[in-house]
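Please look over the model below before reading on. My notes on its sheets and aromatic contacts follow.

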Amino acid sequence: MNKIYLCQKDELEEYQTRGFTVELGDSSLDFFILKQDDEVRAYLNSCPHLGIPLNWQPDEFMSMEGTHIQCSTHGALFQLEDGYCFSGPCRGESLTRLNLEVTDQQKIYLVSTDG
């Protein structure tokens with residue numbers, strides 16, 4: 001198991017997203033983290049519909065209203081809590097959630113079983 005340090009929890013505002021690319025062995029992993037109601041989640045930056053990145057600019061994964069994750073290519077909307085798509089061509093599918101650990105010191109780590 002690998003732990004990769006990402007950032008401090010207090011570096012993220014509520015409903016803010018931040019993208020990351022980390023090297024895992026011979027490949028890289030493109031994902032983003034989201035802070036909602038003081039909980040932090042991570043999702044793979046890949047739309048289930050076409051396998052393309054969700055964001056339209058760096059760190060921009062949210063709908064204009066800031067209430068959902070949105071695919072910039074075709075507008076699919078995903079719930080923040082579980083990545084479930086409720087609107088768009090991938091309706092009924094979900095984003096891939098990644099494992100995070102938040103320490104007592106509020107450090108956020110990606111936890112990977114690869115590498």
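**Aromatic contacts and sheets**

1. Tyr-5 is partly exposed because its relative accessibility is 40%; buried means under 20% relative accessible area, exposed over 50%, partly exposed in between (1.4 Å probe, protein chains only). Tyr-109, at 17%, counts as buried.

2. On the source: this is a predicted model, where local features need pLDDT of at least 70, side-chain atom pairs count only at pLDDT 80 or more, and totals for chains, interfaces and linings use all residues. Residues are numbered from 1 along each chain as its sequence is written, and side-chain values use heavy atoms, without hydrogens and water.

3. The structure has four aromatic pairs. Rings of Phe, Tyr and Trp (its six-membered ring) pair if their centres lie within 6.5 Å; planes under 30 degrees apart are stacked, over 60 edge-to-face, the rest tilted. Tyr-5 and Tyr-109 are edge-to-face, at 5.6 Å between centres and 70° between planes. Tyr-5 is in strand 1 and Tyr-109 in strand 10, 104 residues apart. Strands are DSSP runs (E, at least two residues), numbered from the N terminus.

4. The charged end of Lys-3 sits over the Tyr-109 ring, 5.0 Å from its centre. The test is NZ of Lys or CZ of Arg within 6 Å of the ring centre and within 35 degrees of the ring normal.

5. An open sheet of four strands runs in the order 2-3-4-8, with antiparallel pairing. Two strands pair if DSSP finds at least two bridges between them. Strand 3 (residues 27–36) and strand 4 (residues 39–44) share six bridges. Phe-31 stands opposite Leu-44 in strand 4. Phe-31 is buried, at 0% relative accessibility.
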